[in-house]
Amino acid sequence: SVLFTFNSPSISSISLTNGPTQSALGTNITLFGSSFGEFASSALTASIGDSSSQQTLWLSDSSLFAAFVSGVGSALPVKVSLNNNWGESSEVFSFDSPSVTAISQSIGPTTGGSLIKLQNGTILTISEIIGVNGFGFGAQDYSQTVRIGKTSCEASVWKSDTHIQCVVPAGIGVNASVHVTSAKSTGHLYSVWSYDRPVASSVRMTNVPTTAAVSVTISGFGFGTSGYSAA
């Protein structure tokens, strides 16, 4: 017996190569090529990366319309599938990178993480959380991450396309930048976060000779949770 197969769809160009991560009206793209079929079919679908089109409208054997409500990422392949045959565009599509516009607070303790609070005899764990505002974070949880400086937040909790929460990591220093990464695209807000400055409350061995090396113990708080280089 002889098996017969139809040509796979082929994409020669796309009408748009960039769009928002979320749009109520949709990101609408016209795809041009060949072998899209001689008539409309529910088996005809389009995708950008891992995002499938919410609507695919056959126009002709050489063109189709696709509407995408949301997506994240850059340099993503655009594909058309028809009856398990698919074609991929040589052009790529990128959703807008995240943009960070503000954070809910700009200073916090060097311990980061969780704070322990006593209330009516009950121990409550209250996380040191900051809200990160902006847009282009994605319309759903794509495992977005937040960093303060070079350190990832202990947890990054996606809330919406415009808001992510960060459980602050332990650290030291001032004027750190906040970075949001969604599907390998990153947005930045520079020099906005500082850890509490160290405070010395006492010094042990207050009277020492001028000619000998001695050890002095300085007590206080805000020195950091690990052996950072201090001066």
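Visitor: What does buried mean here?
Guide: Buried means under 20% relative accessible area, exposed means over 50%, and partly exposed is in between, with a 1.4 Å probe and protein chains only.

Visitor: OK. What kind of model is this?
Guide: This is a predicted model, in which local features need pLDDT of at least 70, side-chain atom pairs count only at pLDDT 80 or more, and totals for chains, interfaces and linings use all residues. Residues are numbered from 1 along each chain as its sequence is written, and side-chain values use heavy atoms, with hydrogens and water left out.

Visitor: What is the mean pLDDT of the chain?
Guide: The mean is 86, and 87% of the residues reach 70 or more. pLDDT is the predictor's confidence in each residue, from 0 to 100.

Visitor: And where is confidence lowest?
Guide: In strand β12 (residues 114–119), where the mean is 51. Strand β6 (residues 55–60) is where confidence is highest, at 95. Where pLDDT is low, the predicted coordinates should not be read in detail.

Visitor: How many helices and strands are there?
Guide: Zero helices and 22 strands. Both are DSSP runs numbered from the N terminus: helices are H or I with at least four residues, strands are E with at least two.

Visitor: How much of the chain counts as buried?
Guide: 34% of its 231 residues. The accessible surface of the chain is about 13400 Å², and carbon and sulfur atoms hold 52% of that. Accessible areas come from the Shrake-Rupley method with a 1.4 Å probe; for residues, only the protein chains shown count as cover.

Visitor: Changing topic. How many disulfides does the structure hold?
Guide: One. It joins C153 to C166, with 1.9 Å from S to S. A disulfide is a pair of cysteine sulfur atoms within 2.5 Å.

Visitor: Where do the two cysteines sit?
Guide: C153 is in the loop between β16 (151–152) and β17 (155–160), while C166 is in strand β18 (residues 163–167). They are 13 residues apart, and the pair links distant parts of the chain.

Visitor: Are they buried or exposed?
Guide: Both C153 and C166 are buried.

Visitor: Why is the disulfide left-handed?
Guide: Because the torsion about the S-S bond of C153 and C166 is about -90°.

Visitor: What touches P169?
Guide: C153 is one of its contacts; others include G112, I148, T151 and Y195, with residues up to four places away in sequence not counted. Contact means heavy atoms within 4.5 Å. P169 lies in the loop between β18 and β19 (176–182), and it counts as buried because its relative accessibility is 3%.

Visitor: What about T101, which residues does it touch?
Guide: Apart from residues up to four places away in sequence, T101 touches N133, G134, F135 and L189. T101 is in strand β10 (residues 99–103). The C-alpha atoms of T101 and F135 are 8.0 Å apart, although the two are 34 residues apart in sequence.

Visitor: And where is N133 found?
Guide: In strand β14 (residues 129–135). Its contacts, leaving aside neighbours within four places in sequence, include S99, V100, T101 and A102. N133 and V100 are 33 residues apart along the chain, and 6.0 Å separates their C-alpha atoms.

Visitor: How many of the chain's contacts join residues at least 24 apart?
Guide: 58%, counted among contacts between residues at least 6 apart in sequence.

Visitor: Last one. Which residues make the nonpolar surface patch?
Guide: V203, M205, V214, V216, I218 and F223 make a patch of about 500 Å². Patches are made of residues with over 30% relative accessible area and no salt bridge; like charges are joined within 9 Å, and nonpolar side chains (Val, Leu, Ile, Met, Phe, Trp, Tyr) within 5 Å. A salt bridge is a side-chain nitrogen of Lys or Arg within 4 Å of a carboxyl oxygen of Asp or Glu.

Visitor: Why does V203 count as partly exposed?
Guide: Because its relative accessibility is 42%. V203 is found in strand β21 (residues 199–204).
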